[in-house]
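Please look at the sequence and the structure below before reading on. The report that follows goes through some of its residues and its domains in turn.

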Amino acid sequence: MASPPGVPRLPPHDTRTPALSVVDMHTGGEPLRIVLAGCPEVVGPTLLAKQRYMRQHLDHVRRRLMFEPRGHRDMYGAVLVPSELPGAHLGVLFLHNEGYSSMCGHAVLALGRFALDFGLVPAPPAGAREALVNIHCPCGLVAAFVECEGGRSGGPVRFHSVPAFALATDLLVDVPGHGKVVVDIAYGGAFYAFVSAEKLGLDVCSTKTRDLMDAASAVTEAVKAQFKINHPDSEDLAFLYGTILTDGKDAYSEEPTTNICVFADEQVDRSPTGSGVTARIALQYYKGLLELNQTRAFKSSATGSVFTGKAVRVSGTLSFSFEVKCGDFKAVIVEVSGQAHYTGTANFIVEDDDPLRDGFLLK
């Protein structure tokens with residue numbers, strides 16, 4: 001029997017397993033697969049509890065959407081869930097090849113557009129040129145500001161981060177194959193290790209991606225083994241997400257500085273990495289290399305795409321303050337801006353006799 005006009009016909013599949021309906025986007029080349037329908041209810045009183053529930057009970061959804069044959073080892077995803085925070089328009093769980101993340105800047109930039117275009121936030125007033133989307137991420141509430149016209153998104157999106165801070169600077173780490181390496185660790189919703197690629201005998205702009213990936217992964221494993229990550233608010237946030245190799249150009253300049261992020265299970269970010277830009281801005285501010293409201297451009301060595309970032313003034317309850325606190329850490333709110341684009345939609349199904357129904361990854 002033919003499907004009604006405009007309704008896609010699904011191929012034969014296990015009707016006990018709902019099709020997973022998704023919208024695909026990318027920000028600076030980094031993919032985002034947003035689940036529209038088909039994911040079972042994610043249970044939990046808080047967003048972090050929902051993340052734990054999904055990891056324990058619904059991880060097959062992540063594997064089906066991220067892994068081959070429906071995805072690939074560098075695919076990234078988002079499951080939208082209700083938020084317990086007053087003022088949040090939506091909550092989100094971030095998916096990748098290894099599991100779940102506390103923050104994802106490129107996804108927030110894409111979700112800002114998505115939330116406005118798919119009616120997840122109130123329509124902006126007539127004539128408004130920007131819409132506010134409050135997104136509850138596992139790391140906290142992130143405010144996205146979406147350029148719009150006629151109630152539809154268009155142009156770049158910017159977001160204001162959770163408090164970002166430098167955790168450790170000039171940390172000496174013994175990296176197998178590279179000897180003693182000086183590393184900085186900073187938080188931008190997730191923790192990253194930062195190393196100038198030159199210290200590893202590499203050039204972030206010209207070295208093969210495979211070699212950069214191997215070196216960054218070696219740094220990540222070395223830091224995990226030799227340094228304990230702590231977050232003052234939650235143990236769920238206390239993990240090293242990955243390593244960002246830079247061109248070493250940390251002092252303020254109007255010229256872009258280039259980096260590449262390798263996170264999770266050797267996953268390579270195609271964008272400049274939104275939460276990485278947040279952490280790197282916090283690190284540069286902490287070192288006195290960057291003043292408040294000085295905008296820097298960050299370029300991806302993978303695709304050449306560019307995000308901008310700056311440490312911004314934040315409003316306190318009684319007065320305006322340049323800085324905020326995260327536990328005992330002096331922190332800043334960082335604004336990151338970038339452009340997201342839609343790439344398509346899909347409906348993913350499984351057949352009950354498919355031995356690879358939950359996906360696989362090649363190494």
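Tyr 192 and Tyr 241 are both buried, where buried means under 20% relative accessible area, exposed over 50% and partly exposed in between, with a 1.4 Å probe and protein chains only. The model is predicted, so that local features need pLDDT of at least 70 and side-chain atom pairs count only at pLDDT 80 or more, while totals for chains, interfaces and linings use all residues. Residues are numbered from 1 along each chain as its sequence is written, and side-chain values use heavy atoms, with hydrogens and water left out.

Rings of Phe, Tyr and Trp (its six-membered ring) pair if their centres lie within 6.5 Å, and planes under 30 degrees apart count as stacked, over 60 as edge-to-face and the rest as tilted. By this rule the count is 11 aromatic pairs. The ring centres of Tyr 192 and Tyr 241 are 5.8 Å apart and their planes stand at 55 degrees, so this pair is tilted. Because Tyr 192 lies in strand β11 (residues 191-196) and Tyr 241 in strand β12 (residues 240-246), the pair ties together parts that are 49 residues apart in sequence. Strands (E, at least two residues) and helices (H or I, at least four) are DSSP runs, numbered from the N terminus. Ring pairs also link Tyr 76, Phe 94, Tyr 192, Phe 194, Phe 239, Tyr 241 and Phe 263 into a cluster.

The domain assignment, which is automatic or from a database, gives domain 1 (20-161 + 342-347) and domain 2 (163-314). Their centres, taken over C-alpha atoms, are separated by 23 Å. The contact (heavy atoms within 4.5 Å) takes 24 residues from domain 1 and 27 residues from domain 2. Between the two domains about 1900 Å² is buried, and carbon and sulfur atoms give 51% of this area, which is the accessible area (1.4 Å probe) that two parts lose on being put together, summed over both. The count of salt bridges between domain 1 and domain 2 is 3, a salt bridge being a side-chain nitrogen of Lys or Arg within 4 Å of a carboxyl oxygen of Asp or Glu.

Finally, the peptide bond from Glu 68 to Pro 69 is cis, with omega near 5 degrees, and Pro 69 is found in the loop between α2 and β3.
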